[in-house]
Every structure is written in C-alpha cells, then in structure tokens.
Amino acid sequence: MSGPALQTQGLTRRFGAFTAVDKVSLSVAAGARHALIGPNGAGKTTFVNLLSGAIPATAGSVALLGEDVTAAPQHARVRRGLARTFQVNQLFAELSPREAVVLAVSERAGAGGTWWRPVSSMPALRREADALLDLVRFPIAGRDGRTGSLAYGRQRLLEIALALAMKPRVLLLDEPAAGVPPAESREVLEAVSALPRDVAVLLIEHDMDLVFRFAERITVLAQGAVLADGEPGAIARDPRVKEAYLGTMEIGHG
Amino acid sequence: MRVLLHAVPWLAAIAAYFLMPERLPLLSSIAIAALFTVSLDLIVGYAGVVTLGQAAFFGAGAYTAGLLAQNGWGEPLSGLLAAAAVAAVLGLVTAPLVLRSGALAGLMVTLGLGLMLYEAANKAAAITGGADGLQGVEVWPVLGVFRFDLYGQTAYLYSLAVLFVLFWLAKLIVASPYGLSLRGINGNPRRAPALGVPVKTRLTVAYALAAAYAGVAGALLAQTTAFVSLDALSFQRSADGLLMLVLGGLGSLYGALIGAAAFTLAHHALSEASPIFWQFWLGIALIALALYGRGGLMGLLRKLMPRGAGS
C-alpha cells in the first residue's frame with residue numbers, strides 16, 4: 001500500500017451561487033493522523049459529506065484506496081472501507097451499547113440476515129464487539145445498560161466503536177469532542193489516540209487541544225478552499241492561519 | 001428459575017383445559033388471538049412498522065384454509081401451510097406500498113388495503129359466501145387421528161400446539177442477528193444504513209413473516225369453527241389486535257400472550273355483564289395503562305418480579 005488512502009482532486013460543491021467547497025485537493029496517507037480545521041463556515045462539514053457520499057459533488061473527484069468513488073453511494077463507500085462518525089449522535093437509544101456494536105459487527109460480517117439462531121449462540125460476534133468496546137476504552141459496567149441514558153462522552157465512545165466495527169481503512173471523525181463536557185473529554189481523547197495505526201484517520205475538529213495532540217498533519221480550510229497544509233508546528237506559526245481565525249482562537253500550544 | 005417462568009403460560013393453558021372444560025371455545029379463541037397478536041408484535045413491536053390492516057392477512061389465511069376444506073381438501077396442517085403461504089405472498093406484494101413513504105402514509109395504505117380486501121370478499125359472494133359467510137367447511141382429523149369434537153377439545157389443543165410452536169419460532173427470530181437488526185431499524189432508521197443494514201429488504205421480510213403468522217391464526221379460526229365470516233377481514237379485528245398488543249406490552253412476545261388473554265377474558269366477562277358497555281371499561285383500562293403502565297401488563301409484571309427474572 002503505497003498510494004494515499006483517500007485523495008480528492010479539485011473537489012467542489014456549489015449550492016446555487018454559493019461555493020461551499022472550492023477545488024479542494026487533499027491527500028490522506030495510509031495510516032495517517034490527519035486533521036482538518038478551519039473557522040466556522042469554512043466548509044468542513046460539506047467536505048465530509050462529499051467524502052462519505054452523503055451529498056454529490058459538483059465537480060472534482062474522490063479516490064478511496066486508489067479507486068475512484070466519486071459516483072459511488074454512501075453504503076458502497078462503507079463497504080470499500082470508508083467509515084465515519086456523526087457530529088450529532090446517531091445512536092440506538094433502546095439497544096444496549098453491546099447490542100449496538102454486535103449489530104454493527106454482524107452486519108459487516110454478513111450475518112445480519114441470520115434468523116435461525118440466537119445472537120447468544122454466536123460468541124464470536126460478542127467477542128469482537130467487546131474487543132471494539134475495549135479498544136475505545138468503554139467501561140465494562142455500562143455495556144448492558146440503555147444507550148439512551150449514557151453520559152454524552154460515553155455515547156461518543158460508542159459512536160467511534162460502531163464506526164470501527166465496519167473495519168474501515170479510512171475513518172472520518174466528525175468533531176468527536178463536540179458537546180462533550182470537559183470532565184469527559186479526556187476519555188474521548190484517549191479513545192481517539194488509541195485508534196489502530198493501520199487505519200487512516202481524518203479528524204474534523206474545533207478543539208485545538210485535541211487537534212495538536214493528535215494530528216501529524218493538518219489541513220486548514222477557509223472559505224471552502226485549502227488555506228494551508230503541513231505539519232502542526234508549521235501550521236501553528238503560519239500567519240495566514242492566525243489571520244483566518246481573526247485571533248479569536250489561540251492556535252496550538254507549541 | 002428462568003426455565004420455570006417460561007413454562008408458566010403454557011402450564012396455565014393446559015391447566016385451563018382441565019379446569020374449564022365447558023369454556024374450551026373461549027380458550028381456543030384466546031390462543032388464536034394470541035397468535036394474531038404475536039404477528040402484530042413482530043411487525044409493530046419489533047420492526048416498528050405500524051399497521052391498521054393486519055386483519056387482511058388473518059382473513060386471507062382464514063379464507064384460504066376454509067376454501068380448501070370446503071372444496072375437498074380438509075387436511076388441517078397443509079391447510080395452515082397454504083394459508084401462511086398465501087398471506088406471506090400478499091404481504092410481499094403489498095410491502096413496497098406500505099414501506100414506501102412515511103409512517104402515516106404507510107398506516108393509511110394498510111388501512112386502505114384492509115378495507116379493499118373486506119369489500120372484495122363481500123362482493124365475491126359466489127366464492128366466499130359474502131355476508132352469509134363460508135359454509136360447508138369440512139376439516140379432517142388432525143394428523144389423521146384427532147377428530148374435531150363437539151366440545152372443542154381437539155380445537156383447543158390443536159390451536160395451543162400451533163401457538164406454542166410459532167411462539168418459540170418467533171422467540172428465536174427476535175433473538176437472532178436478523179431480529180437485532182429489526183430493533184436497530186426500529187430504533188434509528190437513519191443510522192442503520194450507515195452500518196450496512198439493508199433496511200428495505202429486512203422490513204419487507206418482517207412484513208411478510210408477520211403476514212404469514214396472521215394467516216395461520218386466521219386458518220386456525222376457520223378450521224376450528226368450520227366457518228369463515230367477513231368478520232375475519234374486519235377493521236375491528238386489526239384494531240383489537242393492536243389493543244391487545246398495547247395492553248400486553250409492545251416488543252415483548254410474552255406481552256402479546258398476556259394481552260390477548262386479558263383482552264379476550266375481559267371482553268367476555270364485561271360483555272356478559274353489560275353487552276354494550278364493555279368498551280367503556282376497556283377505554284379506562286387503556287388510558288390507565290398509557291398514563292401509568294409504560295410497557296403494558298408485561299411492564300407491570302417486570303416491576304413486580306424479582307430483579308433479573310423477567311427478561
């Protein structure tokens with residue numbers, strides 16, 4: 001695997017006269033720890049939706065593991081190894097966290113149509129689900145409760161575990177720390193830094209603390225276009241980046 | 001402990017056979033209502049597709065078994081299979097219409113299909129007997145041995161045995177990965193596809209499966225009473241089934257059994273006391289359950305039972 005895991009070329013999305021994403025060319029290397037930042041309204045969310053296939057591109061292309069997927073629908077991209085988490089939690093309130101991950105694992109393993117044997121007779125599903133919950137450091141005590149009554153930070157962990165159950169090669173993390181109270185954000189941070197190294201991660205995040213701890217490469221988006229792209233140190237020193245944020249936010253910690 | 005709890009409803013059903021020999025027709029109607037409620041629980045409680053037209057499948061099954069027996073094939077088990085097959089095919093054909101749009105539109109489609117089938121059966125009097133009902137249904141002995149007797153002994157034990165087998169099949173299905181995916185779709189239909197769940201296919205299968213269950217329930221009624229009336233297709237039957245389900249507790253198969261039994265017994269007792277007024281008491285019971293008893297009678301039972309025993 002030498003080529004980039006995920007690559008866009010001139011990716012553009014217009015809504016009427018407004019260009020939300022403007023000729024963005026971005027390359028996420030295999031196994032990368034890549035962050036995408038930018039001020040509000042920079043087009044980050046639209047860009048993620050173009051990558052995942054939730055909305056079609058106006059122009060340009062998306063390649064996943066060297067294959068053009070610009071025209072492929074969302075579920076086809078999932079099958080080819082692109083998984084994402086959602087900015088607003090999209091979970092199964094009535095299922096337990098363990099049941100939800102078992103569901104995700106069984107669908108990925110092609111066992112979702114099995115009706116002639118109970119889940120409890122398929123220990124491999126449960127083992128894999130538990131391994132995924134371990135991976136994101138989801139506490140054992142909460143795995144059989146109702147997802148709807150979990151703390152917000154825990155729901156974020158579950159969200160990440162569900163995405164990992166797809167066995168992705170590329171993982172889009174859409175603001176994993178958004179809305180998480182400070183007391184729980186460390187859990188999310190630990191889960192994100194413990195992600196397997198063979199998965200390329202593109203992190204879309206507002207929390208600069210998380211970005212600079214995690215990322216080995218940062219792309220800055222402003223007004224729909226790439227403003228800067230490089231190592232965290234270089235990005236933190238870049239005067240254009242500072243200007244884009246209008247000094248309202250402190251960039252980096254060194 | 002758990003095993004004993006699972007045996008309770010069935011032991012009660014068998015005890016009832018000996019304790020109330022003069023009430024066997026009532027007991028049979030409970031078993032049939034329970035199977036119908038299980039069918040509704042599969043599609044409404046687990047898959048989350050609300051329907052007002054489940055009686056269409058009940059009636060289709062009843063007329064299938066009834067017509068077979070009327071026209072010289074009275075073998076009961078193959079009659080059940082034929083009824084299941086006809087109802088399932090009807091379910092498969094109509095599923096795209098029901099699942100196509102939003103919940104309210106789907107509800108209207110199920111209602112419309114139910115009304116259409118009722119009117120069609122009414123008009124096709126040459127075949128169905130119309131408002132007079134289907135006469136001359138002759139059902140052979142079960143397994144070639146057990147004749148349907150005047151007291152309804154065979155009718156009850158036969159209905160109970162079919163309910164038992166299909167109940168445990170339903171138990172297996174809802175505990176399977178397929179059943180889990182239905183609960184996932186029910187819980188969050190927008191997220192499920194992101195996990196690779198083919199939502200349309202899964203719901204179509206569930207709809208046809210529930211239709212087959214309802215068809216078997218209808219066939220049981222036709223075979224055990226040797227008669228089919230338009231009642232089998234009536235909107236009232238669909239509505240009663242939903243009431244039994246809500247009364248017993250949505251998404252719990254035992255709830256379906258309890259709801260059907262409680263509803264049928266209450267109907268019987270209250271309508272003997274005051275024939276017209278019984279729906280008033282039913283109304284009060286439903287409002288009380290909606291306000292205080294989320295999870296229906298099954299939810300109440302769970303609260304009363306020691307922790308961990310009622311799942």
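This is a predicted model: local features need pLDDT of at least 70, side-chain atom pairs count only at pLDDT 80 or more; totals for chains, interfaces and linings use all residues.
**View 1. Strand S8 of chain A and its two partner strands.** Leu172(A) stands opposite Leu202(A) of S8(A), and the strand to look for beside S8(A) here is S7 (residues 170–174) of chain A, which pairs with S8(A) in the parallel sense over 5 bridges. Strand S3 (residues 33–37) of chain A also runs parallel to S8(A), joined to it by 4 bridges, and within this pairing His34(A) has Leu202(A) as its bridge partner.

**View 2. The side chains of strand S8 of chain A.** In a regular strand the side chains alternate between the two faces of the sheet. Ala200(A), Leu202(A) and Ile204(A) point one way from S8(A), while Val201(A) and Leu203(A) point the other way, and all are buried. Because 5 of the 5 residues of S8(A), residues 200–204, are buried, the strand is largely enclosed by the rest of the structure.

**View 3. The contact between chain B and chain A.** The contact draws 22 residues from chain B and 26 residues from chain A, and the area buried between the two chains is about 2000 Å², with carbon and sulfur atoms giving 64% of it. Pro177(B), Arg191(B) and Leu195(B) supply 34% of the area that chain B buries against chain A, more than any other three residues.

**View 4. A salt bridge between the chains.** The side chains of Glu159(A) and Arg191(B) meet in a salt bridge at 2.6 Å, N to O, and across the interface of chain B and chain A there are 3 salt bridges.

Note on methods. Residues are numbered from 1 along each chain as its sequence is written. Chains are lettered from A and ligands numbered from 1 in the order in which they are written. Side-chain values use heavy atoms; hydrogens and water are left out. Contact means heavy atoms within 4.5 Å. Buried area is the accessible area (1.4 Å probe) that two parts lose on being put together, summed over both. A salt bridge is a side-chain nitrogen of Lys or Arg within 4 Å of a carboxyl oxygen of Asp or Glu. Buried means under 20% relative accessible area, exposed over 50%, partly exposed in between (1.4 Å probe, protein chains only). Two strands pair if DSSP finds at least two bridges between them.
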